[in-house]
Every structure is written in structure tokens, then in C-alpha cells.
Amino acid sequence: MLLRCFVPCCPIFEIPNFPLMASHFSISYDPSSSTSLLSLHTQQTIFRSSDKVNEFERTQLKIPALFRGKAANLQTMASGNTPGLTQEANNSTYEATIDGENNTDVFDDMKQRFLAFKKLKYMDNLEHFKKLADAQAPKFLVIACADSRVCPSAVLGFQPGEAFTVRNIANLVPSYESGPTETKAALQFSVNTLEVENILVIGHSRCGGIQALMSMEGEGDSRSFIHEWVIVGKKAKESTKAVASNLHFDHQCQHCEKTSINHSLERLLGYPWIEERVRKGSLSLHGGYYDFVNCTFEKWTVDYGSKKEGSGIAVKNQSVW
């Protein structure tokens, strides 16, 4: 005998020699349910009335696209046919549908994370967030890389209101004399208006921006936004080449990642209103290096009182976490 399966989202397929009596089964969708439920039932008749067929067709329109795609695959497997060109065309349509749904899924996940934040953090600390709504008073300005693997809040646990954060390629600080940038605007606002007490520059392992800097020939390509930005770290590159040119390129980059942090800290002291606060003791400058390969964090503080003559900075309070 033939088992005939009525799937709302695909043509009828037959399974020969199925050991049931004279019955067959159908998979149908229940539009009255709050979720997409499939019900499996047997029935003795093969053909339905015209009213049932109309209801059946209306039901097809309500089946989610994802299930329709999977049911189409089920039909192909049951028939035993080789996919061929027609199947390739169907796959293209199916993949386009799934791509759209994946985008939706990404935001669904984001929505759930936001709702969890709202319930577990916002509502449990309502008074704190009400105060933040009126004003912010962060203790830190954090300058970190834009790399998706090194989010300061995730790695160091900063909570809302604790750190004013600016992120750019390779966590660079441009010189005071250069033109306006978003990093310089963040420095001015956080130091002069918010009056942060600490500036923390965080570098990290395997930094693509530093790799681009170390790979550049001369001044780089003036048509490249990346080259035009990472050239800010030119002195760190030169310093690295001077002492580590015999090392493998990866080790040179690692050396430059850390050297670049200290060069940025040194450039911060070139901002008059930053240097004044550091000298008075109301502002401290710190460096940090996050190695996500080994999950370690190095931290150090600029020792302004022991500032080196000429170029370079002295550091203190070094530690590894």
C-alpha cells in the first residue's frame, strides 16, 4: 500500500509499503493555538470535502517560512530524487529566506538580553538609574580598541555610569597639536566637564590596527583611512623596529602593542589641561594590556613625579591579573 502524507507546506508525497491498514496520516497546523503546533492524526478517507480543502489552503499561509523550507527538504528525502538544478534554485530561495530570519533571530536574542538587563539590573537598582538619568559622574575615561573581542565593560566589569569610554582602531591617542578627532573631543569633555579622576588606555593582543601599522611601508597609503589613522602610532613602530627588528613579525607586533600604550600615555601629557591635573594629583594616567590568548591583564600607572628627561615616561604600581 501507499502511505500518503498531506503536509500543508509541500506537495503530497507517498511512502510505499508502509505497514498500516487502509489509513494515512496528515500534518496540519492549528491556527487557534498561541504557538505553531503540529498535530498528527489518522483518517480513513483519502479525499476531503471542498470546504476542508479551502480551510487546508488557508492554513498553509500561516505556516512559518522556516517550517515550509524544512518540509520541502522532507519531501525531497522521501521521494529519493537527486536534487539537480531545480533543487539548487529552491535552495537559493530557501537560503534567502533563512538569511532574513537569522537577522530577526539576532535581534530577538538582543531583545531577550535587554529584557534580562531591565529586570535583573535596572529594576533592582532603580534609584541608581534614576540618578544616572539626571547626571553622570564616572571615575574613569577608558580609551580602548574598537576590536569586538575587547569590550572594556565585559572584560573589566564596568557598570553604567562608571566609565566614560571612547574606542578607536588600535586605542591610539593623537597628539594635542593634530587636528580634531572624536578621541580628542572625548578627552576634553571627560576631563574638563566630567572631571574624571583616571584615564586608562587599554591595548590588547593580536591587534589588527597595530599589525597594519607594522606592515606599512613608509607613510602608508594616503587613500587609506586606516593608514591615515594608525600613523598616529608611528613612533611606537620606530621604537619597536629599533629594539626588536630581529624578532618574528608576530613578536614585533606584540612589542608594539605595549609600546604604543606608553606612547599614548606620553601624548596625553602633551594636553595642557591634562598635564595640569596630573601635576596637581587630581588625575592619574594608567596603561592596561589585555592578552585574550592567555586571558591575562597587565596594569601600570604613570609615575609623573619620576618623569624621564626628554622622551618616555616612568611607571609604577605594575601588576598582572
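**Entry 1: helix 11.** I began at the end of helix 11, where Gly281, just after the helix, takes a positive phi of about 90°. The model is a predicted one, and I read every value below with that in mind. I then listed the buried residues of helix 11 and got Trp273, Ile274, Glu275 and Val278. What do these buried residues pack against? I found helix 6, strand 7, helix 10 and strand 8.

**Entry 2: the largest nonpolar core.** I looked up the largest nonpolar core next, and it has 26 residues. Which of them touch the most other members? They are Leu187, Ile199, Leu265, Leu268, Ile274 and Leu285. I noted that Ile274 is also among the buried residues of helix 11.

I took Leu268 as one member to follow. Leaving aside neighbours within four places in sequence, I found Leu268 in contact with Val173, Leu187, Ile199, Val201, Ile274 and Leu285. Another core lies apart from the largest one and has 21 residues, including Phe158, Ala170, Leu172 and Ile210. As background, I noted that nonpolar side chains in soluble globular proteins tend to be buried together.

**Entry 3: cysteines.** I counted disulfides and the total is zero. I checked Cys207, which is in no disulfide: its nearest cysteine sulfur belongs to Cys145 and is 4.2 Å away. Is Cys207 buried or exposed? Cys207 has a relative accessible area of 2%, and I logged it as buried because the limit is under 20%. Cys151 has a relative accessible area of 28%, so I logged it as partly exposed.

**Entry 4: the cavity.** I searched for cavities of 30 Å³ or more and found one. The largest cavity has a volume of about 40 Å³. Which residues line the largest cavity? I listed Ala144, Val150, Cys151, Pro152, Val155, Leu156, Ile202, Tyr290 and Phe297. Cys151, the partly exposed cysteine of the previous entry, is thus one of the lining residues. Helix 5 (residues 152-156) gives the largest share of the lining, three residues. I sorted the lining by type and got nine nonpolar, no polar and no charged residues.

Key
Residues are numbered from 1 along each chain as its sequence is written. This is a predicted model: local features need pLDDT of at least 70, side-chain atom pairs count only at pLDDT 80 or more; totals for chains, interfaces and linings use all residues. Side-chain values use heavy atoms; hydrogens and water are left out. A nonpolar core is a set of buried Ala, Val, Leu, Ile, Met, Phe, Trp, Tyr and Cys residues joined through side-chain atoms within 4.5 Å. Buried means under 20% relative accessible area, exposed over 50%, partly exposed in between (1.4 Å probe, protein chains only). Contact means heavy atoms within 4.5 Å. Helices (H or I, at least four residues) and strands (E, at least two) are DSSP runs, numbered from the N terminus. A disulfide is a pair of cysteine sulfur atoms within 2.5 Å. On a 1 Å grid over the protein atoms alone, a cavity is a set of points where a 1.4 Å probe fits but cannot get out, and a pocket is an open set with protein on both sides within 12 Å along at least five of seven lines; lining residues have an atom within 4 Å of a point. Grid points are joined across faces, edges and corners, and a volume is the space filled by probe spheres set on the points. Ala, Val, Leu, Ile, Met, Phe, Trp, Tyr, Cys and Pro count as nonpolar, Asp, Glu, Lys and Arg as charged, and the others, Gly among them, as polar.
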